[in-house]
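Welcome, and thanks for taking a look at this one.

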Amino acid sequence: MKIDLAFSPYELEKKDLREKAVVVIDVLRATSTMIVALENGCQAFIPVATIEDAKKLAAEFRDSHFLLGGERQALPIEGFQLGNSPRDYRPEKVKGKTVIMSTTNGTRALVAARQATIVFIGAFLNLSALCQRLIEGKRDVLIACSGEKELFCLEDTVCGGAVVSSLEEAGLGLLKSDSALAAQILYKQFQGNIYQMLLTSEWGQYLERIGLGEDVRLCAQIDSFNSVPVSREGKVYLDR
Ligand code: MLT
């Protein structure tokens, strides 16, 4: 099994996604939020790149079944019903709903990954379940870090490195690209204390500063969920 990693959507767009299993990761916080929301009964997400796209889609649907969610600078977008905190997506708010979502990096990466044969949603929250799906799938893997405004971010890369390590420990005889190897080495540096790593990361420090530290702690909870959302035809949902 070949395994590669893109540090940002900018890099992802330069890669051949065909026949690959792509894993989109935005630990802080978009993919973590999606995993929690779908576990809380949310029906699906429709990730879009811009706020305008989200508003246009909501206007087309004109249906209370659809909610608007997302953030800029980690804060809720004016006129949207939901932000991007996993704690916003409680069952009483999202059960049976479809959320049209626009975030700075996470939904951008999901839009950039649309050409792939299969796209999985990954974070520390569902790490082992995600790796099990990749092992079952037997496809070459491309890890797509959402990054920070098209650039490298620590937390997504470390999470990507955890996936590489876990697949290697499963004895799959991996062919690692330099990026995948670099991510694995970084993961080994932090594997003992993922919460501390998130607190060290630039975005983690920013979230702490603006009072969203509880989200950082929540996103560090390894394997708190067994579900692995997929992204198909522009929708993110649980397929099993
Ligand atoms: C993103 O997609 O850029 C992040 O999830 C931002 C955030 O933490 O809200």
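This is a predicted model: local features need pLDDT of at least 70, side-chain atom pairs count only at pLDDT 80 or more; totals for chains, interfaces and linings use all residues.

The largest pocket holds about 160 Å³ of space.

**The ligand and its shell**

- Which residues are around the ligand? They are D26, L28, R29, A30, E71, A74, N84, T103, T104, N105, G106 and W203.
- By class, this shell around the ligand has four nonpolar, five polar and three charged residues.
- The side chain of D26 has an N or O atom 2.7 Å from an oxygen atom of the ligand.
- For W203, an N or O atom in the side chain is 2.8 Å from an oxygen atom of the ligand.
- L28 takes part through its backbone, where an N or O atom lies 3.4 Å from an oxygen atom of the ligand.
- How much of the ligand does the protein bury? Taken alone the ligand exposes 270 Å², and the protein buries 99% of that.

**The cavity**

- How many cavities of 30 Å³ or more are there? The count comes to one.
- The largest cavity is lined by 17 residues, and the closest to its centre are D26, L28, R29, N105 and W203.
- The lining of the largest cavity divides into five nonpolar, six polar and six charged residues.
- Residues to keep in view here include D26 and W203, both of which belong to the set around the ligand.

**The largest pocket**

- The lining of the largest pocket consists of E148, L151, F152, C153, L154, E155, S201, E202 and W203.
- Two or more of these lining residues come from each of α7 (154-169) and α10 (202-209).
- Five nonpolar residues, one polar residue and three charged residues make up the lining of the largest pocket.

**Backbone features**

- Where does the chain have a cis peptide bond? One runs from L28 to R29, with omega near 0°.
- Q73 is not a glycine, yet it has a positive phi of about 55°.

Terms used:
Residues are numbered from 1 along each chain as its sequence is written. Side-chain values use heavy atoms; hydrogens and water are left out. A residue is near a molecule or strand if one of its heavy atoms lies within 4 Å of it. A polar contact is a pair of N or O atoms within 3.5 Å; within protein, one must be able to donate a hydrogen and the other to accept it, and residues adjacent in sequence count only if both atoms are side-chain atoms. Accessible areas come from the Shrake-Rupley method with a 1.4 Å probe; for residues, only the protein chains shown count as cover. Ala, Val, Leu, Ile, Met, Phe, Trp, Tyr, Cys and Pro count as nonpolar, Asp, Glu, Lys and Arg as charged, and the others, Gly among them, as polar. On a 1 Å grid over the protein atoms alone, a cavity is a set of points where a 1.4 Å probe fits but cannot get out, and a pocket is an open set with protein on both sides within 12 Å along at least five of seven lines; lining residues have an atom within 4 Å of a point. Grid points are joined across faces, edges and corners, and a volume is the space filled by probe spheres set on the points. Helices (H or I, at least four residues) and strands (E, at least two) are DSSP runs, numbered from the N terminus.
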